[in-house]
Amino acid sequence: MAPPPKPLHASFLCSLALALLRAGRLSAASHVAAALPAASPPAALLRRLIPALASSGLAAAAVRFRPVPGDPLTINSILRSHCALRSLGPALALLRSSGSVDTVSYNVVISGLAEHGHHGVLAPALLAEMCKRGVPFDTVTVNAALVGLCRNGQVEGAAALAEMMVRGGGIERLDVVGWNALIDGYCKAGDMAAALGTAERMRRQGVGVDVVGYNSLIAGLCRAGEVNAARDMLDTMKADGVEPNVVTYTTFIAECCKRKAIDDAFSLYEEMVRMGVLPDVVTLSALVDGLCRVGRFSEAYALFREMEKIGAAPNHVTYCMLIDSLAKAQRGTESLGLLGEVVSRGVVMDLVMYTALMDWLGKEGKIDEVKDMLRCALADNHTPNGITYTVLIDALCKAGNVDGAEQALLEMEDKSISPNVVTFSSIINGLVKQGLLGKATDYMRKMKERGIDPNVVTYGPVIDGFFKCQGQEAALDVYHEMLCDGVEANKFVVDSLVNGLRKNGKIEEAEAFFRDMNERGMLLDHVNYTTLIDGLFKTGNMAAAFKVGQELTERNLLPDAVVYNVFVNCLCMLGKSKEAESFLKEMQNTGLKPDQVTYNTMIAAQCREGKTAKALKLLNGMKRSSIKPNLITYNTLIAALFESGAVEKAKYCLNEMSSSGFSPTSLTHRRVLEACSQSGRPALILEIHEWMMGAGLCADITVYNTLVRVLCYHGMTRKAAAVLEEMSGRGIAPDTITFNALILGHFKSSHVDNAFATYYQMLHHEVSPNVATFNTILGGLESAGRIGEANKVLNEMKKSGIEPSNLTYDILVTGYAKQNNKVEAMRLYCEMVGKGFLPKVSTYNALISDFAKVGMMSQAKELLNEMEKRGVLPTSCTYDILVSGWSKLRNGNEVRKFLKDMKEKGFSPSKGTINSICRAFSKPGMNWEARRLLKKLYQGAYCCSVLSFRSSQHPVKRYRKLPAEIIPESPDDPSNE
C-alpha cells in the first residue's frame, strides 16, 4: 500500500488548487483537489480551500473534505455544497453532529430545504432545534423558513409562524423579504384576496411593497385570468414610485403570448425598450413561444437567431420551447437541426428538454429513440419525474406496447413517483386500442381507489371502445357513469356517441343527442357536424343531412374540404353522381381545392356505374390540378377497366402506375385478378399476374392464394396445381387457404376424387385443415349427391379436434333432406338447435321441401312455425314449396291462406308454383278462366305470361277453372250469368 502524501506535498497540491481557482481554471482545480486525501491538507490551507471550492461551484470537490474543527466557515461551505448537490441528508447529519455551527449554518440548511419545496416543511423543526441548542436566529432564518413553507403550499402555516415569531419577540418585525414570501405563496396558491390583503397589511406596518412584491401580485392576477386587474396593479406600482423591471414586463408579455395576443405582446416589448428596460432571455423566449403558438414560425426562428446579438443568448428553455413547437407543427427536420445545435453549443439539457424531446419522438412513433433519450437523461444524472414517466408510458401505448407501459408504471410506483390522471388515461387509451376493455375498466377502478378522478380524456376512449367492441348498451352505461361523476362531455365524446349510435341504426337518437349538446351551449366543430351528416346520408335522409349542412354554415363554420368530401362520398354512394359533380364545382368555386380523397371518391363512383370514360376524364382533371394520383386511384381505375373489358387502357394505367413509382400491392393484385375474372376473360389472369410480378409485386402467400382462388373459380384447377409447384420453387409454403381454394376448385369442376387427393396432399405437407376445409368437402359431397360419405369426413373432423360449425350442420341437414333421408336430416337438425346453432332459411327450405314431397304438410307447417319462432324469416321460395305441397293435396284453404301471406309480404309465386296450382285446380276447357282469375289476383302480366307460356308449350292440355275456395268468384264473372 502506497504511503500517504507528506504534509509538504499536500500543502503544494492545496496551494496549486487555490492558484488554479484564482485563475478561473476550475476543471484543473477540481482534478488537483481530487488528488488530495480528505484528511491530509493542513487546517490552515483547508480553511482557505474549502470555501474557495464551494464559492467556485465545485460542490462535489468541497464535500470530499472534513470541516476544520471549530471553524464555522468550513462547516458552512461544506453545508452549502451539500445543499447545492441536493444531498440534504448528509447536510442535516453534519449540521446536527458538529458543535461549531452558528446562525449561518442553520440559514444555509433551511434555505437548501426551501429550494426543494417538499422539504420546506422541516424548517419549523430546525427553528425549534436552534432554540434548544441556543443558536440565535435572525430575519434571514425566518425568511428562509417562510419561503420553504410557502413553496410547500403551507402558506397559512407560514403566516402563523411569522405572527408567532413577531409576537414572541424572536424578530422585531417582518422585513420586505418575509412579506414577499407570503404574498408570493398566496398568489401561487390562487388566493388573490389573501395576497392583496397581505400587501395592504404590509403597507400599514410601514413596509412598502417593492418591485418583487408587485411582480408576484401581477403574476398571480395574470394566472387567475384577471388581466385588467393586473394592468391596474401596474398603474398602482408606478404611482407608488416603483419602476417596473424586466420581470414585470415579461410577466405581461408571457400572458399575452399564452392568450395568442401576439401584437399586444410586441407593443409591451416596445414600451419596455423605450423605458430603458433591457429584455432578458426569459422575455425573448416568451416572444418566441408566442410566435410559435400563432404559427408564425419563420418570425420565431428569426427572433431566436437575433437573441444572441441582443445580448440574451438562447438558453435550454428557449431551445426546448422552439424544438417542442416545431415538433408539434410536424416540422421535425428543423427540430432535429436545433437539437444538433444544442449538443454542439454545449447547452445544458435539463430534464424538461429531455422530456419534451421524448414527447415529440413518441408522437412520431419512434419508440426506440424515446428509450435512448431516457437513457441519455439518466446518464446526465437526471432523475425522471412523473411527467417523464407519463410521456414514456404514452409513447409505449401509442406504439401498441401496453405491456411495456404497465411495466413502466410499476417502475414509477417502485420509485415512489405518483401517477396522475394523464398517466392512467394514457394506459387506459392504450388498452382500449388493444381491445382490452376489461383491463381498462380495472384501471379506472384503481384510479378512483387512489383518489384520482377520471376526467373526460379518460372516459372518452373507453366510451368509444365499448361502442366498437361491446355494443351500445355498455358504452351508454360508461357515459352515464361519467355524468354521475360530474364529468361533462367534450367534442370527442359527442363524436363517439353520435358515431356509435348511428352505426347501431339509432340515427334518430344520435341526432337528438347532437341537438341536446348544441342547445346546452357546447361549441361543436366540423368533425361533429360531419359525423352526423355522414350518418344521415347513409340512412337515406338527404333532406336532414342538407339541413345540418346549412346549420354548419349558419354557425359561421364554413365547410372545409372534409365536409365537402362527405357530401360527395355520400351522394356517390347513393348513386347520385351528377349531384356529387355539382358539389365538386361548388367546392372549387368557394376557393377550396379538392384533394386526393375527393377525386378518388368521384372516380370510384364512376367506376361503380361502369362509366370508365368519365373516370379517366376525372383522372386527367386530377393531374391538371397538380394532385398526384395515389395507389387507391390506380387500383380503382385499373380494376374497373379490366372489368369493363378495356384491357389495353387497363394495361396503360398499370404502366403509368409503375412509372409513377407505385409497385403493385397484394390488394392491387387481388382487385385486378377478380376484375379479369368478372369480365369473362379468364385467359388474362395468368398474363396480368406475370406482368405484376415483373413490375415489382412482392410474391408472398397472399398473392399466390389470390391467384389460386381465382383460377379455381373458373375451374382452371390444372393451372392452379401448377401455381402450387411454382410456390414450392420460390420457397413459399402453401397454407390452409391455398389448399381450401384448390379443394373447392376440384369440387366445382365435379372432380370429387381430385378434391380428396388434394386434402391428403394437404395433410402430407403437414398443413392443418380448419373448419372451412371440412365444410368445403361436405359442401362438395352435398352438391355431388354423395352426402352419404359425410360420416367419413366427420370422423376426420373429430380426429383433428375440430367441432362442427353452424355451416357444417346447414350443409348436412340440407344434403340429407335432398336425399329424402328425413330421419337423419331431422336428427342432425335437432342436434344443431340443441347446440345453440341457428339454421339458415335454406336449411329450413330443404327440410320443408323434403316433407312436402311426400305430402307430410302438417310437419312442413310445424317447421314453418318453428322457423318463425326462431326469428328466421321465410323467403318467397319457402312459400312456393308450401303452396305447391298443399296444391298437390288439393287443400284449397291452405293454398289460399299461403297465397294471401305471400301477397302481404310482397312475394310473387314462381312459374313452378303457378303450374302446380293450375294442374291441381283447373277444370277441362277452362284454361282461360284460370288464367283470368290468377291475373286478377296478382294484377300483373307476369302470371299471365307464365300461363301463356305454359299453354303454348302444352296446347293439348286443358285447365279447369279454379274453385271458389281458392279464389272467390267476382260478381261480374261471365260464368255467373
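**Salt bridges and positive phi angles in the predicted model**

Lys-398 and Asp-394 lie four residues apart in helix H23 (residues 386–398) and are therefore separated by about one helical turn; helices (H or I, at least four residues) and strands (E, at least two) are DSSP runs, numbered from the N terminus. The side chains of this pair form a salt bridge, with an N to O distance of 3.0 Å. A salt bridge is defined here as a side-chain nitrogen of Lys or Arg within 4 Å of a carboxyl oxygen of Asp or Glu. Asp-394 is buried, at a relative accessible area of 18%, whereas Lys-398 is partly exposed, at 42%. Buried denotes under 20% relative accessible area, exposed over 50%, and partly exposed the range in between (1.4 Å probe, protein chains only).

The structure is a predicted model, in which local features need pLDDT of at least 70 and side-chain atom pairs count only at pLDDT 80 or more, while totals for chains, interfaces and linings use all residues. Residues are numbered from 1 along each chain as its sequence is written, and side-chain values use heavy atoms, with hydrogens and water left out.

By the distance rule, 33 salt bridges were counted. One of them joins Arg-450 and Glu-413, whose closest N and O atoms are 2.4 Å apart. This pair links distant parts of the chain, 37 residues apart: Arg-450 is in the loop between helix H26 (437–449) and helix H27 (456–469), and Glu-413 is in helix H24 (residues 402–414). Arg-450 is partly exposed, with 45% relative accessibility, and Glu-413 is partly exposed, with 25%.

In helix H48, Glu-831 and Arg-827 are four residues apart, and therefore separated by about one helical turn. Their salt bridge has a closest N to O distance of 3.1 Å. Glu-831 is partly exposed at 31% relative accessible area, and Arg-827 is partly exposed at 41%. Both residues belong to a network of salt bridges that links Glu-824, Arg-827, Glu-831 and Lys-835.

Backbone angles were also examined. Most residues other than glycine have a negative phi. Ser-626, which is not a glycine, has a positive phi near 60°. Ser-626 is located in the loop between helix H36 (612–624) and helix H37 (631–643) and is exposed, at 67% relative accessibility. Asn-820, also not a glycine, has a positive phi of about 60°. The position of Asn-820 is in the loop between helix H47 (806–818) and helix H48 (822–834), and its relative accessibility of 42% makes Asn-820 partly exposed.
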